[in-house]
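This briefing takes up a few local features of one protein chain, grouped by topic. Please keep the sequence and the structure in view while reading.

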Amino acid sequence: MISDSGIRERFDLDSLGNAVMYLVSIYLVGLLLWYAFTLGINRTRYLNLFLGPGLFLFYISQFRSADVSLTGDGGVMQQVSARLPGTNLVRKLIVYSYPLLGLLSIAFSVYVELNFTRIQTRVPLAGMSTADLYVGILIILLTLHATKAAFGWIISMFTVTAVAYGFLGPWMPGIFRHSGMDISQVVFLNTMSLNGAYGFIPRVGTTWVAIFIVFAGMAKSLGLLDYVMDIGEEMGSKVRTGITHVAVVSSFIVGSMTGAAAANTATTGTFTIRLMKNQGVKDQYAAAIESVASSGSQILPPVMGIAAFLMAQIIGVPYLEVIRAAILPALLFFLSVAIIIHLLILRHDWTIEVSEEPIDYDVFKRGFHFIIPIGVLLFTLVVIRMTPLGAGLYTILSLLVVQFLWTVYDDGIKVDTFIDLAASYLEGIKEGALEMVPLLGVLGALGIVVQMITQTGLSGKISARMLGLAGGVFLLLLVFAMLTSLLFGLGMPTPAAYILVVFLVAPSLVEFGVQQLTGHLFVFYFAMLSAITPPVALCCAIASRIADCSFMGTCKQALRIGAPAFVLPFVFVFNDSLIFWTIPRTPVVFLAAVFGFALLAIGMAGHNSVKRISLVPRVLYIALGMGILLGPDMVMLGAGVAAIVLLIGDLVGVTKVQGILSR
């Protein structure tokens, strides 16, 4: 009989699991790049070939992150044995549940692949077989469970509610009533019709979205995040406000590609919050700055937290048009946040002594090669206008080639160099795949939610009710849309928040006469701002834990710093020349908006860059800023003149005081 120690020596499950993760990651990234290069098969068929193995990788990664292993002390088997009563069989079932779910994911993917032609052509006419029904139920259950495992109960319970709503329609009150569905209809609509879990949202997710997330994961693994943080620390020592603005910029850049503001807070916040606290910034402010920057990163082109791809697909416009529309609002978001942070640093005297040492340009040189893939991305998207899938393909290939050349140039041609490079590529492939697979469940769940909302007619009913409640008052409709978007965005990753609000809220704005792209950006902005809005405020919750400070205190300061961002969507709705560019109105409105947000920042921070200001001037600054941002042209002009007079008065007063003191 082989001893327990002998089994451990012969069968190291941890090493086996790691090998499996590498193999499946190579398969997923290879399939993605092959499809991007050839478009060789039906897109839904490709989705199925990606979905099952992707969920398998997700479950294996969850299994390993929980330290589930037959080897070593303190593994989950030992932990479960210590905590839970029951037989050894029950404990083993608990330990092995995730790998089993992963195998079931591959099983349904194989079933759909083997029966794809029949499902595509005959099932819509002849109906589902019993096996189809059971496999469809399995797909829905695995989608729900993967969503819960990756993002918690909120999205999964929302999906369960949407499915239950399909069953309970005849018994629902008022506008929520519909004819109802049986289990066969629900399963067919969400699986075997090749919609729902196989709908356009997962199809976009496993192509356009996946290729950018894989690029981001590979770039981070190859040193992009370290490069950005090194530059941040170097530049932070050369400005009075220190690391704070660099922290905002780095969070914007990295977070734009992650698709989850909370994940970006956890990733970059680990570095930036510590650096800000070391500078002297109070812990609540440091956590709030990172929270606002991470939530704002989701609206930064060209990726926009992967929502840009979904938006282009839903509206049916070129991807480049979405990016162009989002550039100026994103720039206004960044400028407004940067100004208010600058003034808060001055108000609380968290400034630093500017280093007299010259800039260490070697810091820039160490990761200079990362600029080339970014240039390829912009060239392929903007200049030659490739699809995001094609642009992502060439961006990844350029990253691999440039990394190879850079490494050979830096280390020389040696066997060890090539071994290390191959290892870094494998690690990058694995990290890229692991960044993507948690989204597979939530994208499938969102596909189910959208299918249930559209099939029951709920979106049209909610739109009509919002219009009725607003009573024809446009501002009131916008406020309703804002509140609803904040509510549905609570605790959601970027794609989930956008999908929910765009189908439930945006139709009412479009029906009132708002341009479709403007309406989508309006609800999307507020869905993103829910990440810093209590009671959930997921970014604030994570940042406050990192900073070891009060959650509500962090929320309070995040709302203060992000206050201009809550005004921004109203600004581009009332002045849609910020979205649809015209000359000369767009540059005039943009410059006026920058001035208006600067006034809001002065009022919110209580500092005008040279001194603190009292309550009455603060209120005046805020009122004048709102007049410039939201008023008609004549009000904008009058408020601008009054604000200039007020600013000059403050500066002249300071100059007189300084003159008296100098005597």
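F522 touches L478, A481, M482, L509, P569, F570, F572 and V573, when residues up to four places away in sequence are not counted. The model is a predicted one, and F522 is, together with F333, one of the residues with the most contacts inside its largest nonpolar core.

**Nonpolar core**
- The largest nonpolar core comprises 203 residues, and F333 and F522 are those with the most contacts inside it.
- Helix 18 supplies the largest share of this core, namely 15 residues.

**R347 in helix 18**
- R347 lies in helix 18, which covers residues 319-347, and the contacts of R347 beyond four places in sequence are with R560, A605, G606, H607, R612 and R618.
- Is R347 buried or exposed? R347 counts as buried because its relative accessibility is 18%, and the cut-off for buried residues is under 20% relative accessible area.

- L194, in the loop between helix 11 (183-192) and helix 12 (200-221), has a phi near 60°, which is a positive value in a residue other than glycine.
- With a relative accessible area of 10%, L194 is buried.
- D548 also has a positive phi, of about 60°, although it is not a glycine, and the place of D548 is in the loop between helix 29 (538-547) and helix 30 (551-561).
- Is D548 buried or exposed? D548 is exposed because its relative accessible area is 67%, and the class of exposed residues begins over 50%.

**Cis peptide bond**
- Which residues are joined by a cis peptide bond? I583 and P584 are joined in this way, with an omega of about 10°.
- P584 is placed in the loop between helix 31 (563-574) and helix 32 (585-605).

Notes: Residues numbered from 1 in each chain as written. Predicted model: local features only at pLDDT ≥ 70, side-chain atom pairs only at ≥ 80, totals over all residues. Heavy atoms only, no water. Helix = DSSP H or I, 4+ residues; strand = E, 2+ residues; numbered from the N terminus. Buried < 20%, exposed > 50% of the residue type's maximum accessible area, 1.4 Å probe, protein only. Contact = heavy atoms within 4.5 Å. Core = buried A, V, L, I, M, F, W, Y, C linked by side-chain atoms within 4.5 Å.
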